[in-house]
Amino acid sequence: MQGSQLVGRVAAVLRRVGSGAADGVTTADVAAATGLPRSTAQRVLAALAEEGFVDRDARRGRWYLGPELFLLGSVAAERYDVTSTARDILRSLAARTGESAFFSARRGDETVCLAAVEGSFPLRSHVLHEGIRFPLGVASAGLAVLAYLPVTDAADYVRSRGAELAAAYGAQHEEAVLARRVAATRRRGYAVNPGLIVPGSWGVGAVVFDRAGSPAWALSLTGVESRFNGDRTAQLGTLLLEAAHALTQRIARRG
């Protein structure tokens, strides 16, 4: 690997390690996610470990993000991070609904979960956690962001990625079906994931805009299907829209 290809592969390795959150990932996990041979993945991970970008638990054989990334992230947070601005809104959503609340950010053609607050209801969905990534159009946060991209950009994405998403996440993500779900999200204002990733695990999401009016983040609530019947889903969607509007206004004032 040389030049931009090498940078792209290293970035993919770091993203996969980051998606493992507190549980970490194995070398095999990284190889499978990046398409690298296991021996190459091991060499890349070892080189990153020497620079402090990843760390390895030798006993468990698992990789984690390293201290150097924490230092770099602390500096970058001063410019990009709005998680602290969102935390009290997440806590309020979780307290008012009993469901788990999440804050996700758009990163290219993905959303990554940045923060989570568990709800009080004893049965929970465990699909989302801090650090996990999904393509746009997958999970309620990614669907909310996709729906509020410029119409032609969203249509191009659905057309080009539908087959790939359907292969990875099921037929409800193929082009025609996903296009209908995007349109329904625009009409409602909020996105609904009716157990499409894990059966019985539902989610509702609403987009948060940056100062330029672009869909940059999303708030979402997740829980078990029995808690997301028709009337309650609409109530949760309304709460999320109010919270997302409030957070959008905060971000605009912060600028």
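The structure is a predicted model, in which local features need pLDDT of at least 70 and side-chain atom pairs count only at pLDDT 80 or more, while totals for chains, interfaces and linings use all residues. Residues are numbered from 1 along each chain as its sequence is written, and side-chain values use heavy atoms, with hydrogens and water left out.

The chain contains 9 helices and 8 strands; these are DSSP runs numbered from the N terminus, with helices (H or I) of at least four residues and strands (E) of at least two. The radius of gyration of the chain is 19 Å, close to the 18 Å given by the globule rule for 255 residues, so the chain is as compact as a globular protein of that length. This radius is taken over C-alpha atoms, and the rule is 2.2 Å times the number of residues to the power 0.38. Along the principal axes, the C-alpha atoms fill a box of roughly 50 × 40 × 40 Å.

Of the 255 residues, 46% are buried. Here buried means under 20% relative accessible area, exposed means over 50%, and partly exposed lies in between (1.4 Å probe, protein chains only). Residues 24 or more positions apart account for 56% of the contacts with a separation of 6 or more, where contact means heavy atoms within 4.5 Å.

The interior can be described through its nonpolar cores. Such a core is a set of buried Ala, Val, Leu, Ile, Met, Phe, Trp, Tyr and Cys residues joined through side-chain atoms within 4.5 Å. The largest one has 29 residues, and those touching the most other members are Leu-93, Phe-103, Val-208, Trp-217, Leu-219, Leu-240 and Leu-247. At least two residues of this core come from each of helix H5 (83–97), strand E3 (100–107), strand E4 (110–117), strand E7 (201–209), strand E8 (215–224) and helix H9 (230–254). H9 gives the largest share, 7 residues. Apart from this core lies another, of 24 residues, including Ala-141, Leu-146, Ala-154 and Ala-218.

Leaving aside neighbours within four places in sequence, Leu-93 is in contact with Gly-98, Ala-101, Leu-219, Leu-221, Leu-239, Leu-240 and Ala-243. Ala-101 belongs to strand E3 and is buried, with a relative accessible area of 0%. With neighbours within four places again left aside, the contacts of Ala-101 include Leu-90, Leu-93, Ala-115 and Leu-221.

Val-82 lies in the loop between helix H4 (67–80) and H5, yet Val-82 counts as buried at 2% relative accessibility. Beyond neighbours within four places in sequence, Val-82 is in contact with Phe-103, Trp-217, Ile-251 and Arg-254.

Two further alanines lie in helices. Ala-139 is in helix H6 (residues 139–147) and is buried, at a relative accessible area of 9%. Although Ala-139 is not a glycine, it has a positive phi of about 70°. Ala-155, in helix H7 (residues 151–169), counts as partly exposed at 32% relative accessibility. The C-alpha atoms of Ala-155 and Ser-74 are separated by 36 Å, and the two residues are 81 residues apart along the chain.
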